[in-house]
Amino acid sequence: MIKFLDLQKITAKYADEIHAATRRVVDSGWYLQGEENARFEANYARYIGTKHCVGCANGLDALIWIFRAYVELGVMKPGDEVVVPANTYIATILAITENGLVPVLVEPREDTLQLDDSKIEAALTPRTKAVCIVHLYGRCAYTEKIGELCRSRGLKLVEDNAQAHGCLFAGTTKTGALGDAAGHSFYPGKNLGAFGDGGAVTTNDPALAEAIRSLANYGSTRKYAFKYRGRNSRLDEIQAAILDVKLAHLDEDLAARRAVAKFYAENISNPAVCVPVPDDWRAHVFHLFPVLCSRRDDLQKFLADNGVQTLIHYPIPPHKQECYAQWNALSFPITERLAREELSLPISPVMTPQEIRAVVEAVNAF
Ligand SMILES: *Cc1c(COP(=O)(O)O)cnc(C)c1O
């Protein structure tokens, strides 16, 4: 069986360095808010290209803290609206509603699967305060048009960069440095994954970074003085140490992912399977390799029967979820079609040429 993602093999690649890093933390006796966090935050900020990086407990919290900080700083207030793609993972939407803000769902483009920038304008109201783009599957969702629209309307541009560490817009700027603030996830399966939960916010805004650092540490500004009603949402030292090891190898891992993606794109020739690939290969880090097929469930079963494990991202869109019953009757036909037709093929930096070929052969035999 070709696994969807072989985390054991990914870890084994850097096992010696990771063991040394974890041993260093274990032996140090210092497990929270120490040198490991400081070093990783500095290195990750430099990698993304922002002035600030604040580590936190997970990717959902990173997004929650961005909107919460904007509320605390008086930039947004409950009831304000945030434009967001309808075809995102639930976390993006949860971060908005968690803060009493209102997500305004907008359809993606059928070719890129990313937020359709021609549909944003019609979704704006006097209450709109932000656009939240999601670099879904690892593909850059930013466009000049989105940047221009946010600047001209005074809207905050928030990035959900949970799936796109290292992705480049126009060969120059990393996702996570394109807007006003970005949330990153270090969930184990992400391209830059910890050994448990982890997350971070990147931004060039010092006031936002300071508010988030405080919010994620009980709302504390100095010991036992609480400016905000925060939570405990810190990044462990041991996770920061592991992430710093993996960050140093991220670009080589991304190159390996792109090589798999290129092979898929050039060799999958089944007319029943649509393979959306970018014009600019630097603008995609292939956290996932989505294909579209009108007989998706049959394809998934066929691949499983032929030894290829796949996953669906995502089978139920946010507006069809039980937790958002108020939107269940809304219609987003492109998003709903993607939920019916999307299938993610195995992709990782540790797949062997034989495995990659076997996936292509199985897809073409369907
Ligand atoms: C993984 C993910 C998140 C949430 O990250 P966690 O670390 O799992 O909380 C948010 N948005 C997107 C698009 C994701 O894929």
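Good morning. To begin with the convention behind the first angle: axes are lines fitted to C-alpha atoms, for helices over the stretch in contact, and angles run from 0 to 180 degrees between N-to-C directions. The model under discussion is a predicted one.

The crossing of H9 past H12 is right-handed.

Which residues make this contact? From H9 they are Val260, Phe263, Tyr264 and Asn267; H12 contributes Ile356, Arg357, Val359, Val360 and Asn364. Sorted by class, the contact of H9 with H12 comprises six nonpolar residues, two polar and one charged.

The second pair is helix H2, residues 15-28, with helix H8, residues 237-248. Here the axes lie 9 Å apart, and the two helices pack at an angle of about 150°. Since angles over 145 degrees count as roughly antiparallel, that angle makes H2 roughly antiparallel to H8. H2 and H8 also form a right-handed crossing.

On the H2 side, the residues in contact are Glu17, Ile18, Ala21, Thr22, Arg24, Val25 and Val26. They meet Glu237, Ile238, Ala241, Ile242, Val245 and Lys246 of H8. In terms of class, the contact of H2 with H8 holds eight nonpolar residues, one polar and four charged.

Notes:
Residues are numbered from 1 along each chain as its sequence is written. This is a predicted model: local features need pLDDT of at least 70, side-chain atom pairs count only at pLDDT 80 or more; totals for chains, interfaces and linings use all residues. Side-chain values use heavy atoms; hydrogens and water are left out. Helices (H or I, at least four residues) and strands (E, at least two) are DSSP runs, numbered from the N terminus. Angles under 35 degrees count as roughly parallel, over 145 as roughly antiparallel, 65 to 115 as roughly perpendicular and the rest as oblique. A crossing is left-handed if the near helix is turned anticlockwise from the far one by less than a right angle, and right-handed if clockwise. Contact means heavy atoms within 4.5 Å. Ala, Val, Leu, Ile, Met, Phe, Trp, Tyr, Cys and Pro count as nonpolar, Asp, Glu, Lys and Arg as charged, and the others, Gly among them, as polar.
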